[in-house]
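Please keep the sequence and the model in view while reading.

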Amino acid sequence: MIHLNKQVIWLISCQLVYKQGTVVLAFQLAEEGGGGAKKVINTGALQNVGAIFRIHVNARYTMGSVATRSGPVMVAARFIESIITGKGGESGYATIPQHTIDPIFVTSNFVVSLQHLIVSREVDPLDSQVLTVGKFQGGGALNIIPDSVSIGGTFRSFSKESTIQLKQRIDEIYLLKASSDC
């Protein structure tokens, strides 16, 4: 419903401010990490466009109000997903953990390292970057160490340079934790 709200607001706004010239309305597909902006650009719909204004519904503002500023307003989002494989399963009884490689332990260390090293210690507080691990799935029994753990999340930043740096550090920490904890 939020996306429909944005489209209606755009149509009403254009009707109110349109005086002369051409107005191009571009509704971005797959804005949350799906490459929608690139698809819009590749269609050629934005050729000869002199200015671009973006709209987004935000619950922080009261209904009927408008907020604006120049420069970036929303961050770029990228996804991370991984399956960490250990050695558990049928032979992974909690009573003999010495015969296992616990993927929950390894993955937990990876997640803590991401938050500690990158977000709280390596990023300039004025260079907004956010890393979220929103999915952590592994195991199905209370007394069995699982064979694998699946994690996923997002990382977000304002600049291309920050996105590249953040991705590089995620990869480095992943490889470091995978090799040292297994």
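## Second largest pocket

The lining of the second largest pocket divides into 7 nonpolar, 1 polar and 3 charged residues. In this division, Ala, Val, Leu, Ile, Met, Phe, Trp, Tyr, Cys and Pro count as nonpolar, Asp, Glu, Lys and Arg as charged, and the others, Gly among them, as polar. Among the lining residues are Phe79, Phe110, Phe155, Lys167, Asp171 and Tyr174. S1, S3 and helix H4 (160-181) each supply at least two residues of this lining.

The second largest pocket holds about 160 Å³ of space. A pocket is an open set of points on a 1 Å grid over the protein atoms alone where a 1.4 Å probe fits, with protein on both sides within 12 Å along at least five of seven lines; lining residues have an atom within 4 Å of a point. Grid points are joined across faces, edges and corners, and the volume is the space filled by probe spheres set on the points.

## Basis of the description

The model is predicted; local features need pLDDT of at least 70 and side-chain atom pairs count only at pLDDT 80 or more, while totals for chains, interfaces and linings use all residues. Residues are numbered from 1 along each chain as its sequence is written, and side-chain values use heavy atoms, with hydrogens and water left out.

## Elements and sheet

The chain contains 4 helices and 3 strands, arranged from the N terminus as α-α-β-α-β-β-α. Helices (H or I, at least four residues) and strands (E, at least two) are DSSP runs, numbered from the N terminus.

The 3 strands form an open, antiparallel sheet in the order S1-S3-S2. Strand S1 (76-85) and S2 are the edge strands, each pairing on one side only. Two strands pair if DSSP finds at least two bridges between them. S2 and strand S3 (residues 148-157) are joined by 9 bridges, and Val130 has Arg156 in S3 as its bridge partner. Helix H3 (residues 103-122) lies across S1, S2 and S3, at about 170 degrees to S2. For such angles, axes are lines fitted to C-alpha atoms, for helices over the stretch in contact, and values run from 0 to 180 degrees between N-to-C directions.

## Gly138

Gly138 lies in strand S2 (residues 129-138). Gly138 is partly exposed, with a relative accessible area of 35%; buried means under 20%, exposed over 50%, and partly exposed in between (1.4 Å probe, protein chains only). Leaving aside neighbours within four places in sequence, Gly138 is in contact (heavy atoms within 4.5 Å) with Ile104, Pro146, Ser148 and Val149.
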